[in-house]
Amino acid sequence: MENPPKLPPIQVAQLDLDGPEGAVLDFRPALGSGAEIGSGDVYALVRLNGRPVATVVCRVAPGKNAADAVAAEARALLARSAPEQPILTAPGPLPRTSVIVATRERADSLARALDSLLAQNHPAFEVIVVDNAPVTSATQDLIEQKYEGRVRYAREEVPGLAIAHNRGVAVATGEVLAFTDDDVIADPNWLTALTTPFAADPALGCATGLILPAQLGTPAQILLESHGGFAKGFAPRLYDPADPPADEPLFPFTAGSFGSGANMAFRAAALRSAGGFDPATGTGTPARGGDDLFAFVSVLAAGHKLRYSPEALVWHHHRETWQDLKNQAYGYGAGLTAFLTATLVRRPSMLPSLLRKLPRGLAHARTITAHRDSGDAAVPGAHGAQDYPWPRHLSRLERRGMLAGPIGYAKARRRVRGVSLPWDREEQR
């Protein structure tokens with residue numbers, strides 16, 4: 001199937017209950033989703049007293065109250081599997097944090113993201129925008145005219161997301177470095193929830209959080225989310241290299257299960273000592289991606305822990321067009337194998353571990369499906385008679401990307417040969 005299927009838009013909402021069977025505390029559209037919720041299909045985040053715990057998908061009949069319909073679906077889900085995980089609290093003050101946003105010629109979406117970042121309830125943070133290989137002054141003009149004194153501006157002439165992130169690392173002053181994208185809206189508690197684990201655990205090197213769709217208005221957006229999107233579920237999880245997870249035989253090479261680059265943070269010292277982001281990976285290079293995965297594995301390989309915290313929530317604006325989705329499918333495949341190539345090139349000592357784990361990992365992979373279990377993370381298509389299968393030609397594009405990833409990484413390495421880490425250049429001055 002080369003053309004997109006005809007799928008009706010799905011409204012995106014958030015519901016807050018005062019308990020698994022409790023009253024509705026709040027019901028509203030998701031941040032960035034737009035219009036009020038009415039009849040039709042609804043995808044909703046469910047919160048319990050503000051805490052994200054699940055997603056539900058339901059259909060609101062004409063003339064029915066949307067809040068009541070979504071709440072009934074949520075209570076039924078929570079009756080089957082009410083969350084019991086304790087909320088992590090920091091024993092002391094939260095670490096001073098630098099929020100780094102790399103961008104290129106997307107001033108409109110950037111402004112929306114910055115507004116949400118400046119509204120964070122974290123007590124001590126700075127926001128840094130890295131303008132990557134700009135062709136116009138739009139981003140710099142936006143910062144100077146609207147955010148002067150509130151957002152720091154940095155410029156990186158060499159194209160590539162990893163190189164832009166490294167520039168942000170070089171100029172940041174925070175003990176923790178948080179990264180997000182210019183196409184997200186951050187929940188007001190995002191930064192507090194993302195950095196609390198660092199205050200609670202001195203051995204933590206990285207934290208990731210929950211990414212949900214801000215809009216499901218086009219077939220491309222709906223199919224991406226039904227395929228799994230960026231979300232990693234609602235159960236907090238700790239990844240410890242000293243105690244590898246039994247359900248991930250290829251750990252730590254299964255970095256895609258840890259989180260995504262639109263919602264991640266690192267202890268600054270750990271990231272810098274691990275070498276930062278590989279400049280030959282990421283969007284804007286022939287590798288097409290993998291910069292975040294490489295950083296996750298580098299920090300874990302250095303002995304640090306990684307924690308996934310679903311309370312750290314951002315709403316992501318998925319790309320809207322069918323061509324965008326095709327590009328993403330290819331890019332995901334390429335980024336995956338580019339990341340693996342980068343890891344083995346830069347850390348050849350990890351090759352024996354990968355080869356030893358590969359047979360069991362492949363056997364495990366054959367026992368799981370390509371889609372998420374719908375337990376606490378319902379996806380579009382998971383209700384009624386609807387079904388939104390991932391098109392086969394997109395799977396073929398992913399496989400083609402996987403074959404191209406190592407070649408793309410080799411090309412990217414040649415392009416950035418001689419480019420040193422920005423913080424090393426700063427020290428040499």
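## Before we start

Residues are numbered from 1 along each chain as its sequence is written, and side-chain values use heavy atoms, with hydrogens and water left out. Because the model is predicted, local features need pLDDT of at least 70 and side-chain atom pairs count only at pLDDT 80 or more, while totals for chains, interfaces and linings use all residues.

## A pocket and its lining

Let us begin with empty space. Rolling a probe the size of a water molecule over the atoms shows where such space is left. A pocket is an open set of points, on a 1 Å grid over the protein atoms alone, where a 1.4 Å probe fits, with protein on both sides within 12 Å along at least five of seven lines; lining residues have an atom within 4 Å of a point. Grid points are joined across faces, edges and corners, and a volume is the space filled by probe spheres set on the points. The second largest pocket holds about 280 Å³ of space. It is lined by 17 residues, and Ile87, Asn189, Thr192, Ala193 and Glu311 are the closest to its centre.

Helices (H or I, at least four residues) and strands (E, at least two) are DSSP runs, numbered from the N terminus. At least two lining residues come from each of strand E4 (51-60), helix H5 (190-200) and strand E13 (305-316), and H5 gives the most, with 4 residues. Glutamate 311 sits in strand E13. Is glutamate 311 buried or exposed? It counts as buried, because its relative accessibility is 15%; buried means under 20% relative accessible area, exposed over 50%, and partly exposed in between, with a 1.4 Å probe and protein chains only. Beyond its neighbours within four places in sequence, glutamate 311 is in contact (heavy atoms within 4.5 Å) with Arg51, Pro52, Asn189 and Ala193.

## Rings that meet

The structure holds 9 aromatic pairs. Rings of Phe, Tyr and Trp (its six-membered ring) pair if their centres lie within 6.5 Å; planes under 30 degrees apart count as stacked, over 60 as edge-to-face and the rest as tilted. Phenylalanine 230 and tyrosine 332 make an edge-to-face pair, 6.5 Å centre to centre with 90° between the planes. Phenylalanine 230 lies in the loop between helix H6 (219-226) and strand E11 (237-239), and tyrosine 332 lies 102 residues away in helix H9 (residues 322-346). Phenylalanine 230 is buried at 15% relative accessible area, whereas tyrosine 332 is partly exposed at 35%.

## Nonpolar cores

A nonpolar core is a set of buried Ala, Val, Leu, Ile, Met, Phe, Trp, Tyr and Cys residues joined through side-chain atoms within 4.5 Å. The largest has 58 residues, and Leu114, Leu117, Trp190, Leu212, Trp315 and Leu325 have the most contacts inside it. A second, separate core of 43 residues includes Ala154, Val169, Phe294 and Ala342.

Helix H8 (residues 291-301) is mostly covered, with 10 of its 11 residues buried; among them are Asp291, Leu293 and Phe296. After H8 comes glycine 303, which has a positive phi near 100°.

In helix H9 we find glycine 333, which is buried with a relative accessible area of 4%. The C-alpha atoms of glycine 333 and arginine 399 are 6.1 Å apart, although 66 residues separate them along the chain. Leaving aside neighbours within four places in sequence, glycine 333 is in contact with Glu398, Gly401 and Met402.
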